[in-house]
Amino acid sequence: LVTDLMGQLTDIFGQGLSKSFYPVPREAIGVGSAFEGWSPQAQGVVYRVLVPLSPPPGHAFRLEPDAAGRLQRNFCVRVELLCTCTGEQLGEEDMLCFLHHPEEELRRKQEPSLLHTLCTGSYLDVEKTVHWFCRFVRVAWLLLPQSRHWHLMLKPSSRSCKFQLSKDKESFTAEMVFGVRQGDSDIFVGSQPTQAGVPSTTWLETYAVAEAKFFRHISRQAPQDSWHCKCLQLLTGFLMGVGFSSYALKTVVMHLLTSVPLTRWRRRDFQQRLIDILKYLRRSLETKQLHHFVVGNESFPVEISLPSGLRVAEPPNLFQHLASSADAHTKAVQEYVRLLHQ
């Protein structure tokens, strides 16, 4: 249902934006635990999709690194105007060149450029972009056949378009995160929510698409009765969310999936693999070090495209906060002990 809904919304976006100069949404990509196959059943599942954005005609996106990024790299998306005079000469007279036509003529005959709608200065603004798309979703929803049976309620979120769909006793939550692709790779800069104080022109590097592709890659190669997702599903269901996150457990499992043969993740191996995961997590807590799985991982599957240099980059330490805070480390160890007892 989520996949169909996103496909229909993308079609309506394309039709409604054909004469304007807003970012062009492409086919949504399912990411996160719901699409990777390990959502804990005890929690409310959020169906998260990443919607790639392409520049509209006459515009280009240029990614500029932001040195403030620590655990993950941050970027700003500079919006540049391109000369389209050649297109006019070829008969595409319905579009005037933003660079070489008088401003008065542009205002009179053409929709404003992206620089004048969703940008702050020369940079694509996350919050303006998300707010605009959420408004568009509210209108587009009324054109979809699902609107006759489902009730849509948008939820407050400044960096993603989050909404709940309900029908009778059924309900689920979906979240649209917007992203700009790095070249032709599977790494994006995204609008995903982050800590307070991050400027609205900051887009965070996200590895969600590459990780979702990794899980599909493993599922194609693993035996049919592989229980690697069930291991992750079970353990994340017990997390209390104090010292370390479900993403840390997911990172541990991804590392083990590349070091333990896939033939040893069957149902009969379930208990031993749980022990392996907990041992790996314990060692990581003791050393206060858990390397990122995608960045700096030379054994990451080559069929998943990464930007140049990312495989050999210095891998971020996901447990850096434990190394810099004795209290955070103590809480993480206590949570680990609770996890063992459960």
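## Helices α8 and α9

Helix α8 makes a right-handed crossing as it passes helix α9. In this predicted model, helix α8 comprises residues 246–257 and helix α9 comprises residues 270–287. Their axes come within 10 Å and cross at roughly 115 degrees. Angles of 65 to 115 degrees count as roughly perpendicular, and α8 and α9 are therefore described as roughly perpendicular to each other.

On the side of α8, the residues that make the contact are L249, V252, V253, H255 and L256. Their counterparts in α9 are D276, I277, Y280 and L281. Sorted by class, the residues of this contact are seven nonpolar, one polar and one charged.

## Helices α7 and α8

Helix α8 also packs with helix α7: the axes of these two helices come within 10 Å and cross at roughly 155 degrees. An angle over 145 degrees counts as roughly antiparallel, and α7 and α8 are therefore placed in that class. The crossing of α7 and α8 is right-handed.

In this contact, α7 contributes H228, L232, L235 and T236, while α8 contributes S246, L249, K250, V253 and L257. By class, the contact of α7 with α8 holds five nonpolar, three polar and one charged residues. L249 and V253 of α8 take part in the contact with α7, and L249 and V253 are also listed in the contact with α9.

## The buried face of α7

Helix α7 spans residues 228–237, and its buried residues are H228, C229, C231, L232, L235 and T236. Viewed down the helix axis, the buried residues of α7 fall within an arc of 155 degrees, so they line one face of the helix. As a general point, an α-helix has 3.6 residues a turn, so residues three or four places apart point the same way.

The buried residues of α7 pack against several helices, namely α2 (33–36), α6 (208–221), α8, α9 and α11 (326–341).

T129 belongs to helix α5, which covers residues 126–141. Its relative accessibility is 0%, and T129 therefore counts as buried. When neighbours within four places in sequence are left aside, T129 is in contact with L53, L118, L124 and W203.

Y207 is located in the loop between β12 (203–206) and α6. With a relative accessible area of 5%, Y207 is also buried. Y207 and K128 are 79 residues apart along the chain, and their C-alpha atoms are separated by 23 Å.

Most residues other than glycine have a negative phi. D168, which is not a glycine, has a positive phi of about 55 degrees. D168 sits in the loop between β9 (161–167) and β10 (170–181). The relative accessible area of D168 is 79%, and this residue is exposed.

K288 likewise has a positive phi of about 55 degrees and is not a glycine. The loop that holds K288 runs between α9 and α10 (320–324). K288 is partly exposed, with a relative accessible area of 30%.

Note on methods: Residues numbered from 1 in each chain as written. Predicted model: local features only at pLDDT ≥ 70, side-chain atom pairs only at ≥ 80, totals over all residues. Heavy atoms only, no water. Axes fitted to C-alpha atoms, helices over the stretch in contact; angles between N-to-C directions. Helix = DSSP H or I, 4+ residues; strand = E, 2+ residues; numbered from the N terminus. Parallel < 35°, antiparallel > 145°, perpendicular 65-115°, else oblique. Left-handed = near helix turned anticlockwise from the far one by under 90°. Contact = heavy atoms within 4.5 Å. Nonpolar A, V, L, I, M, F, W, Y, C, P; charged D, E, K, R; others polar. Buried < 20%, exposed > 50% of the residue type's maximum accessible area, 1.4 Å probe, protein only. Arc of directions from axis to C-beta.
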